[in-house]
Structures are given as structure tokens and as C-alpha cells.
Amino acid sequence: MNLANKMTSSNSSEIVEAKAAKIVLDYISDIVEWFIDRYDRSLKEKMIHIAPFEDITSALNLNTWLQEDQSPEAYKNAASWFEIAAKQGNASAQYNLGALYNQGRGVKKNYAVAKMWYERAASHNDANALYSLGVLYHLGHGVIQNYEEAARYYKKAADLGNADAQYNLGVLYNQGLGMTPNFAEAAKWYILAANQGNTSAQNNLGFLYHNGTGVKQSYEEAITYFEMAALAGDASAQYNLGYLYLKGRGITQNFEEAARWFHLAALQDHTNAEFQLAMLYNTGQGIPQDCVEAIKWFKLAAHKGHLNAQYCLGVLYVQENDIALAKDWLQLAAHQGHISAGFELGRIYVYQLQQSNKALPFFKEAAEKGYADAQYELALLYATELNYVEAVKWWRAATDQSHINAEYQLGLLYEQGLGIAQDLEEARRCYRLAAIQGHAGAQYQLGNLFDKGKGVEQDYTEAAKWIEQAAAKGHAKAQYQLAQMHSHGQGVPKDFAKAAQLYRLAAYQGHQKAQFQLGMLYKKGQGVAQDYTEATKWLKKSLEKTE
């Protein structure tokens, strides 16, 4: 999971637009409250003839009308007043009127008309109008998208101290839009905007310090800027600060603090924060483990298209044995290219729904992308269909990534000559690679090669060494084989008591030959007290058909 760098994602247009909208709202407040409170016909008549626009706006309380829930009629009336003043050459009114046309408030949205009024205000060096012209070119609204023109207007507004223009100019340098990427120049403009309290600039500046791009790398500086923006309520900065606490970068690792900042960002619908908060609830790190809360936050992120959240939801529902919901979420992520989701979906089709044919394409897609577990499962499917050539191909691919189970299965094919020429030396090599990593089946098979002298000189001592390791892991065949070796004193001391113990372990796992041999030991009284009842019991059990 990466840090959140604003204005560098697919929704950057919406963020730029939102910034512009906020500016509009602030400036509309300059007149609408006055108009709503004081408007009447006689006053309008007087104002047309006598009052310069500056006098009208000077009487306003600029801090009281900052709501977006004004009536359409209020905006319409505001537009009329702005037009009066704008035609008289008032730059602020020209900008405000352009803003109304830009947003479609009180007038029909018209970017061309907005641009005209912005340009008139810009001719008076109105910083906000210059900034807004930059936004039009940045987004391609009413004009052909042109990052060079956007940068030109942003630069003029930025030089006049407009923090949003400084920030957007930094973004263009950061992303290399209309210019060669220049992180140092981006940092310069971010710093100017950050010093004016622009939280997006503070966040992105923290991002640059985190990565050491355009500035000297410093987690401490990154934390300073992230914290500055986070305390001001910036969701991305809150997420980033939580992420640094989670990873312990430049700060002592603290899951409680991570959870606190993720929660604040998640409450603002920050998707990555929702996912990380869900992960903490799922593991119980920093907050009490709570599966219900984990699922709640995973769902919020998943519904917004967060692939890892969709995958995690699928895995959680598998654990809860809700296969229908697991399948739905895994499918959603898998169809968007999430490899692990496709793999888990394939496993559901094989092991839960018994629909191997539906699993095949999911395993194959993941296998072709190098997912070792998928290569292993794909080979298993091919082996089940007796297509050993394909099975060999995919198990080999998995063994290239040191997949233990694939090493074992490939060894079986080499030993039996299935899908490939029989090669006992290669089989032994595969078994050994898996055996030394603790694979019980491989340990048994390797021991069996030495026990039977297959491809090697018969060596009961070497055989016992490997078979004993497999038997200790509960491998029934190994337990039976080791019991046989103790019965005959092959590679281990002859010991009927030990043999009886091992036969019993295998017998309880349904190994019929072990059941028979255990019965014979009770009949003969070898290694156990002679007991015809026990002998009969085990001998009869060895004759029962197994499914």
C-alpha cells in the first residue's frame, strides 16, 4: 500500500474542480448575503445609478454566507447583481460572474462565457481569475486542454500569492504535465502554498520528503508536513500519517496511533484508510480485534473498487464458510486482474463447489503471471485429467520458485515416468529438495527409494533416516514402513514393541496393512501381550473395504 499523493491519481480533475468550486463559494459570499438581506426594487434602482461596486461589497460580513445550500433563486439574483457591476468594469464582479457560469449557479453553465469574464478580471491582475483560467486549461473545460497554458496562468496567479495556484503549479511540475517533471520546482511551489495553510500542498510536500524527490529525503520532515495537514483535517495526510505509524518510518511504530489516524481519514471516506482500518480490526493491532468492524470497513472500501478489500472480504467469507458471498467478492477482484483473488476463486470452484472446469481459467491466468501456488494447483488439475505433460510443465514452473509441494509431485512423475521419461535420479533430486524442507511425503518417497534400491544402491540406514522423519509427522505409510523395518531390523534395531507402536499409529489412520500386521503381533504376542480378542479385532478391520 502506497502513501496518498494528491493530484496524481485518476480523480485529479475532480479535485481541481472541487478546489475551484470552493473559491467560487467564497467569492459568491461577497454579495449574496447582502443581496438576500437588503434587496428591494427601489434600492436596485438607486444602486444602478450611484454606488460603485466596492461600496456594495464593503458592507458585507464575508464570514457568514459560506453555505452551499442557498436557493437557486438566490444565485440567480446574485448573478444579476454581479453582471451589473461586471459591466461597469469591476474585476471582482467579473470574476464572480465567471465563477457562476463556470459552476452553473444562477445561470446556465457555460465555460465559454465563464472564460470571457475570467479574462476580463484577469486583465486587472485578479489572482483568482488567473487561477480559474488555469483550471479551465488544466481540465479542458470550454477550451482544448493545454497544460502549458494552465501553467502560464497558474504562474501569474502564484506570483500574486494565490495558494491554490501555487499548489496546482506544483502539481504540474510534480506530474510532468506540459513540462518536464521537476520535483525540486514542485517542492518550491508546494512550500509557498503550504506556508499559506494549503493542506494539499502540505500533504504532497510530505510525500516528496518521504521519497526524497526534489528535496533531501527525511521521514521527520515528511511527518511534520503530514501532521500539519492531518491536524487541519486533510484526509490524505491523516492516512499518510497513520501509514508511517503503521510502518514505523521516522517515528516509533505505534498501531494505536495508526488506527486513530486511519479512523479519522476513513470517516472522510478515504478508501485506503478504510482498508487499513479494516486490516487492523481483522488482526487486532492497535484496536480490539473485531471481525464485524473489519467486514464493515472492508465493505466500504470494496464498494469503491478497492481490489485488496474485495479480496480480503472474499477470504473472510471463505473462513466463515459463506461460499456464495466469498465467490461474489473474489470474482469482482479477479475480473479486475487481482491474481490472488483469482487463485482463491479457483480453489473455491475445486474444493468447495467441485467445479474444476470453472477453476481452470482462473488458475491458468494466475499461473501465467508467475503465481507459484496457482501453477501448482493448475498442474494438479491437469494430473487429475491424466494430462501429465501439462502437469510436468506447470510443476516445473512452480519448482523454479522453490514450491515444495511441486517438487514432491514432480518427483512422483519422474519416478513413475508419467508425462516425462522415467528418471529415478531426477526423482531423488526432487524428493530431497522437498524432504530437507520438511515435506513428509517427499521424506517417505526418498526413504523408499533407498529402502528398495531404486536408482540407488540399497541402503536401509539412509532409508530409515528419511522414513523416520516422515513417520514423526504422522505420515501413515511412513509409520507402516518404519514398523516393518523395526520388525526385520533393517536400518534400525529389531524391536517388536516399537513396531507395534508404529503399526498402531498407522492402523488408526486406516492403513489396512498396518491393521493386519498389528493383529498378527497380538496373535503371536510379539511386542505386545498376546491377546486374541485384539488380534481378531484388527485382523477383521484390515479386511473391511475402504471407500
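Biologist: How do you know that the span of α23 agrees with its 13 residues?
Modeller: At 1.5 Å a residue, those 13 residues should span 18 Å. The end C-alpha atoms of α23 sit 19 Å apart, so the two values agree.

Biologist: What makes α23 "mostly covered"?
Modeller: A residue is buried when its relative accessible area is under 20%, and 10 of the 13 residues in α23 are buried. Tyr408, Leu412 and Tyr414 are among them, and so are Glu407 and Glu415. The cover includes α21, α22, α24 (424-435) and α25 (440-452).

Biologist: What about α22, how far does that helix reach from its first C-alpha to its last?
Modeller: Helix α22 covers residues 388-399, 12 residues in total, and reaches 16 Å, close to the 16 Å expected. Its buried residues include Trp394 and Trp395. Among the elements covering the buried residues of α22 are α20 (356-368), α21 (372-384) and α23 (404-416).

Biologist: Which residues touch the most other members of the largest nonpolar core?
Modeller: Trp395 is one of them, along with Tyr190, Phe262, Phe298 and Tyr503. That core has 126 residues. Helix α13 (residues 235-247) gives the most to this core, with 8 residues. Apart from it lies another core, of 39 residues, including Tyr118 and Met179.

Biologist: Which residues is tyrosine 190 in contact with, leaving aside neighbours within four places in sequence?
Modeller: Tyr167, Val171, Leu205 and Leu208 are among its contacts, and Asn174 and Asn204 are too.

Biologist: Why is aspartate 269 called exposed?
Modeller: The cut-off for exposed is over 50%. Aspartate 269 has a relative accessible area of 54%, so it counts as exposed. Aspartate 269 sits in the loop between α14 (255-266) and α15 (271-283). Its phi is positive, near 65 degrees, and aspartate 269 is not a glycine.

Biologist: Why is cysteine 312 called buried?
Modeller: Cysteine 312 has 14% relative accessibility, and the cut-off for buried is under 20%, so the label holds. Cysteine 291 has 33%, between the 20% and 50% cut-offs, so it is partly exposed.

Biologist: How many disulfides does the structure hold?
Modeller: The count is 0.

Biologist: Where does pLDDT stay under 50?
Modeller: One such stretch is residues 7-11, for which the model has 10 contacts beyond four places in sequence. Over residues 21-68 the pLDDT is below 50 too, and that stretch has 81 contacts beyond near neighbours in sequence. Where pLDDT is low, the predicted coordinates should not be read in detail. The chain averages a pLDDT of 88, with 87% of the residues scoring at least 70.

Biologist: And overall, how many helices and strands does the chain have?
Modeller: You get 30 helices and 0 strands. Of the 547 residues, 50% count as buried.

Technical notes: Residues numbered from 1 in each chain as written. Predicted model: local features only at pLDDT ≥ 70, side-chain atom pairs only at ≥ 80, totals over all residues. Heavy atoms only, no water. Helix = DSSP H or I, 4+ residues; strand = E, 2+ residues; numbered from the N terminus. Buried < 20%, exposed > 50% of the residue type's maximum accessible area, 1.4 Å probe, protein only. Expected span 1.5 Å × (residues − 1). Contact = heavy atoms within 4.5 Å. Disulfide = S-S within 2.5 Å. pLDDT = per-residue confidence, 0-100. Core = buried A, V, L, I, M, F, W, Y, C linked by side-chain atoms within 4.5 Å.
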